[in-house]
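Subject: Handover of a structure and notes on its contents

Dear colleague,

Please find below the structure that I am handing over to you. My notes on it follow directly after.

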Amino acid sequence: IFSQVINMGESMQMLSGGYYKAAIHRVVQPPADQRGCDRLGIFYFATTNNDVKLAPLKESPVIQRTGVVSKCADEDAPTMDQWLRARTKVYGQTNFQAQGGEDVREEILKGFYTTHYA
């Protein structure tokens, strides 16, 4: 069984002002008849350059047409480097808020919500 995932995730969501949504993904057990099969997964997490501010690209005609949703002032938006460092630093150390069920948790980091699934 082979799977390939390309995740543009949270950075694209922030740059698009919410127009593009980060992929909701989670790892689950395969069906019982496939549990003995070898699995190979290739994952690529696309990010911007480290110095790019993760503020919505307000000059985009698509974003202007659909409306820009900023979670913070543009000057307060983290750079890609700051975002990655903050996400890595707090991983597993934050208190999650239950959202929509016991197996769903939302983490708030720099004003942005990140969803985790148990």
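Asp81 has a relative accessible area of 25% and therefore counts as partly exposed; here buried means under 20% relative accessible area, exposed over 50%, and partly exposed in between, with a 1.4 Å probe and protein chains only. The model is a predicted one, in which local features need pLDDT of at least 70 and side-chain atom pairs count only at pLDDT 80 or more, while totals for chains, interfaces and linings use all residues. Residues are numbered from 1 along each chain as its sequence is written, and side-chain values use heavy atoms, with hydrogens and water left out.

Salt bridges

Asp81 is the partner of Arg85 in a salt bridge, with 3.0 Å between the closest N and O atoms. The term stands for a side-chain nitrogen of Lys or Arg within 4 Å of a carboxyl oxygen of Asp or Glu. Arg85 and Asp81 both belong to helix 3 and are 4 residues apart, so about one helical turn separates them. Arg85, at 57% relative accessibility, counts as exposed.

By this rule there are 2 salt bridges in total. Another one joins the side chains of Lys58 and Asp74, at 3.2 Å from N to O. Lys58 sits in the loop between strand 2 (40–45) and helix 2 (61–66), and Asp74 in the loop between helix 2 and helix 3, so this pair ties together parts that are 16 residues apart in sequence. Both partners are partly exposed: Lys58 has a relative accessibility of 37% and Asp74 one of 30%.

Overall fold

The chain contains 3 helices and 5 strands, which follow one another from the N terminus as β-α-β-α-α-β-β-β. Helices (H or I, at least four residues) and strands (E, at least two) are DSSP runs, numbered from the N terminus. Of the 118 residues in the chain, 25% are buried. Where contacts (heavy atoms within 4.5 Å) link residues at least 6 apart in sequence, 59% of them join residues at least 24 apart. The chain exposes about 8,600 Å², of which carbon and sulfur atoms supply 52%; the areas come from the Shrake-Rupley method with a 1.4 Å probe, and for residues only the protein chains shown count as cover.

Nonpolar core

Which residues make up the largest nonpolar core? They are Met14, Leu15, Leu54, Met80 and Trp83, 5 residues in all.

The structure has 1 aromatic pair, formed by Tyr19 and Tyr20 in an edge-to-face arrangement, 5.0 Å centre to centre with 85° between the planes. Rings of Phe, Tyr and Trp (its six-membered ring) pair if their centres lie within 6.5 Å; planes under 30 degrees apart count as stacked, over 60 as edge-to-face and the rest as tilted. Tyr19, at 42% relative accessible area, is partly exposed, and so is Tyr20, at 46%.

Gly67 lies in the loop between helix 2 and helix 3. Its C-alpha atom is 8.3 Å from that of Tyr19, although Gly67 and Tyr19 are 48 residues apart along the chain.

Confidence

The mean pLDDT of the chain is 76, and 65% of the residues score at least 70; pLDDT is the predictor's confidence in each residue, from 0 to 100. Among the elements, helix 2 has the highest mean (87) and strand 3 (residues 97–98) the lowest (52).

With kind regards

Terms used
A nonpolar core is a set of buried Ala, Val, Leu, Ile, Met, Phe, Trp, Tyr and Cys residues joined through side-chain atoms within 4.5 Å.
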